[in-house]
Amino acid sequence: MNRLASATSPYLLQHADNPVDWWEWGPEAFAEARRRDVPVLLSVGYAACHWCHVMAHESFEDQATADYLNEHYVSIKVDREERPDVDAVYMQATVATTGHGGWPMTCVLDHEGRPFFAGTYFPDRPRHGQPSFTQLLQAITDAWVERRDDVIATSVNIAAHVAANASLADTEPIGAGVLDAAAARLAVEYDAANGGFGGAPKFPPSMLLEFLLRQGGEDPLRIARGTLTSMARGGIYDQLGGGFARYSVDARWVVPHFEKMLYDNALLLAAYTSWHALEGNELARRIAVETADFLLAELGTAEGGFASALDADSEGAEGTFYVWTPAQLAEVLGPEDGAWAAALLAVTENGTFEHGSSVLQLRADPDDAARWAGVRDRLLAARALRERPARDDKVVAAWNGLAVAALARAAGVLDEPRFLDAALAAGTLLVDLHLVDGRLRRVSRDGAVGPHAGVLEDYGCVADAFCALAEATGDGVWLDRAGALLDVALDRFAAGDGGFHDTADDAEALIARPRDPSDNASPSGHSAVTTALVRYAALTGSGRHRDAAEAALASVRGLAEKAPRFAGWSLAAARAALDGPLEIVVVTEPGDPAGAGLAATARSVLGAVVLVVDPEHAASSSVPLLEGRGLVDGRAAAYVCRGMVCERPVTEVGALRAAIGLPAGP
């Protein structure tokens, strides 16, 4: 029976034709397991997961393996991006029992959903002394039939361990000392030779970079500049089409794992925008513009949202779409331009990737910008004829929120109104499709919303996106929408100790209620909501939301002190909160150079709330921060506020720099 044919997840649809009789997660599957008195096999993965596809091909597409599963198990397939709550709970069990995690995640559950066996990828035949997947299935079946009491005892113990979530007991605020200590620890862990932190594989530390840029000072800015430059010059960045891959398999950012994720590119767009806003760096501007254009061109959906990812594979192999040999360059460009491009892009005869091919790098700006532009256009045209990687086109609320917030800010900093148009379109989609009866739904696809409830990160990221749209447009409707989502977060997700659960109090009950304040590849729900609370309080003056933000920050002080690499988004929010955050309103007539100068200066203050509006808009807006703001003697004016209390307006850039604590300009 093909139960996955109507799924909204492309990952589930990829398995719809497997001979395995897959079920979606839900009570019906467990009822079937009880009826047949068999265990439940839970397989969790995602569309861009290479080893998920390998295991599917080796085992789930094999008729004999499928026949055994269909007879002895009820098999459930879950897309971790669609059900992060299920993924979080069973990943905790997997790590607890094996010492490591990853995808595909394979767990075997009893009839109450409690795991008694867990692992990741299992090969189709014995390797390196390890049993094959089929041998494991047979051994687990024997244990289920012959030693049921032992199996249930194991499942009860594992479930109890997973459910034992400790309270976040910290109540002291994150002050300047904690932020300074976090920055100092990051300086010790920094890879000065290559940028970033740690060795291979190396992931873009986008949330940490935002914190370091906001923190300022010699070491934090050195780390941020070095890492942002190394990533932009390396193979992890698509030098032709823009956008960043998921991670680098080496420490030097040369060879990526080629999948491109929406959340990575949204967060890195934000980081490069911040770098340009702070220092006017032209490399930062170029990468920010190209990354935003990648989002619009490659991940934009017909409905106005953004798809989740591009796969790594095409033509049956990873990276084929992106890599080149010297001969391929010469074939497209001719011998002279081909040799020039090979030298510029580090394409060698031996190659930096597989089979003599190389990942394109741009370690220095070309000596002939016009020639490079022509070469790039021709290479892009030739690459477009190759088989393209597949796209996971489900729209995830949280990740779209990250993209909306990044695009809305980039539009102002980079003076690119089309980015705000795209942000507004995606924000409107979230309102029209993902908001159902005042509550968020996690995913949609092709204009149809899925049934799965939004989790904490959805509420945090989307609320922050709506705040960003209110900030970018001065339209109070977006602020009202943000406030409604934050009220749901405070009422339904609060844990009672300043922190939050990752699922609502009326969500589907699992064997544990997941809770993790640490950032991973994207902001945790905790840090996302905290960020939104800080921004919303600054825009509205709401004491309730400011108090909630301060309590949430205090609750992760221990994490910030012990493991700052996993607290970047909370550290960035803490830096903004400690600075006020500054609230700056610039009122100017469109096209006024004086107003543009004030706006650029205001936007260079990272973490500040900045609204740039014309006088008519300021007078009619319902955003509290705009009340009473106007031109001064017919001139563009900037209002610098903290906690809705504002200094006298200024009309000169020099006076604005002084008011916000910046050194005098040139």
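**Packing of α9 and α11**

A: The axes of helix α9 (residues 206-215) and helix α11 (residues 262-279) cross at roughly 20° and come within 9 Å; axes are lines fitted to C-alpha atoms, for helices over the stretch in contact, with angles from 0 to 180 degrees between N-to-C directions. Helices here are DSSP runs (H or I, at least four residues), numbered from the N terminus. The two helices α9 and α11 are therefore roughly parallel, a term for angles under 35 degrees. This is a predicted model, in which local features need pLDDT of at least 70, side-chain atom pairs count only at pLDDT 80 or more, and totals for chains, interfaces and linings use all residues. Residues are numbered from 1 along each chain as its sequence is written, and side-chain values use heavy atoms, with hydrogens and water left out.

On the α9 side, the contact (heavy atoms within 4.5 Å) is made by S206, M207, E210 and L213. From α11 come L267, L268, A270, A271, S274, W275 and L278. These residues divide into 8 nonpolar, 2 polar and 1 charged, where Ala, Val, Leu, Ile, Met, Phe, Trp, Tyr, Cys and Pro count as nonpolar, Asp, Glu, Lys and Arg as charged, and the others, Gly among them, as polar.

The largest nonpolar core has 142 residues; such a core joins buried (under 20% relative accessible area, 1.4 Å probe, protein chains only) Ala, Val, Leu, Ile, Met, Phe, Trp, Tyr and Cys residues through side-chain atoms within 4.5 Å. F211, M231 and Y272 are among its residues with the most contacts inside it. Beyond four places in sequence, M231 is in contact with residues including L209, L268 and Y272.

Definitions and conventions:
Buried means under 20% relative accessible area, exposed over 50%, partly exposed in between (1.4 Å probe, protein chains only). Angles under 35 degrees count as roughly parallel, over 145 as roughly antiparallel, 65 to 115 as roughly perpendicular and the rest as oblique.
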